[in-house]
Amino acid sequence: MRHGVGPSSPALGEALRLAPGEPVDLSAYAPRAMPGGADAPDGKAAGLAATALLGPKLAALQERLYAASTAGDRRRLLLVLQGMDTSGKGGTVKHVIRYFNPSGCRVRAFKAPTPEESAHPFLWRVTRALPVAGEIGIFDRSHYEDVLVARVRELVPREEVTRRYEEIGRFERSLAEDGVTLVKVFLHVSYEEQRARLLARLDNPDKHWKFSPGDIEDRARWPAYQEAYELALERCSSPEAPWYVVPADRKWYRNWAVSRLLLEHLEALDPRYPPGDFDVEECRRRLLAT
């Protein structure tokens, strides 16, 4: 079991991060695991409480990141969420973004390319959605759809998929060099849990809009998708843009883990409020005189 961590475990990111360049076997990662050592919540109630405690810290760091950009700091953060249907990409966005000021966030959900998007290179639509300085960007699916779905459904030749791995690597390195902190998360849901979640959607008329018969067809391709993810995780994990595997069968753990990963990366950035470029006391005197 690859997700065993001891009581003195380091940051959660180190427990979840894939080693760049090493082969990936998703069957070695348990979707119901709760890595994190002594810091990991031991149940749903504790998990919800721990996630709530992260909220003020995340909000304060986001404000500092945004404030720093007003003084020329170009840094920003991009959270990339990938996973099989029902792994919780949308749910993660909903639970994580509530701690942030929406004016400093840029959220984009990527679906099948539009005719306009298909007329451009595959990274075109992603480049247009990137966060600017001081922002936190969140991608619900991403450019990885073009090496996952494209491979499984054979939308392009395998040689083209291989070329795209290399292009993604160059693209992400250029983002890192330009001040983007990439947090790429694979939400790892089990085959059994996906069935349960799809059945729950069928049982609830209010959730039918989230279901498509195509979900069953994609489920039949489960082994092919697992292989496609393993290849993408292996070939597109780098020191500048590593992948993190987050067990996603327990929704509360998923939300805590992603929130904690964001906190660790924002703390590492350590953005600072810029000093004022004016005479504070002089402005105070003038204001009091009005």
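Author: Helices here are DSSP runs of H or I with at least four residues, strands are runs of E with at least two, and both are numbered from the N terminus; the expected span of a helix is 1.5 Å times one less than its number of residues. This is a predicted model, in which local features need pLDDT of at least 70 and side-chain atom pairs count only at pLDDT 80 or more, while totals for chains, interfaces and linings use all residues. Residues are numbered from 1 along each chain as its sequence is written, and side-chain values use heavy atoms, with hydrogens and water left out.

Reader: How do you know what span is expected of helix α11, and what does α11 reach?

Author: Helix α11, residues 251-269, has 19 residues, for which 27 Å is expected at 1.5 Å a residue, and α11 reaches 27 Å from its first C-alpha to its last, close to that expectation. Just after α11, D270 takes a positive phi of about 50 degrees.

Reader: What makes strand β4 count as largely enclosed?

Author: A residue is buried under 20% relative accessible area, exposed over 50% and partly exposed in between, with a 1.4 Å probe and protein chains only. By that criterion 9 of the 9 residues of β4 (residues 180-188) are buried, so β4 is largely enclosed by the rest of the structure. In a regular strand the side chains alternate between the two faces of the sheet. In β4 both faces are covered, with V180, L182, K184, F186 and H188 buried on one side and T181, V183, V185 and L187 buried on the other.

Reader: How do you know which strands pair with β4?

Author: Two strands pair if DSSP finds at least two bridges between them. Strand β1 (residues 76-83) and β4 have 8 bridges in the parallel sense, and β4 and strand β5 (residues 243-247) have 5, also parallel; both therefore meet the criterion of at least two. L77 has T181 of β4 as its bridge partner, whereas L187 stands opposite V246 in β5.
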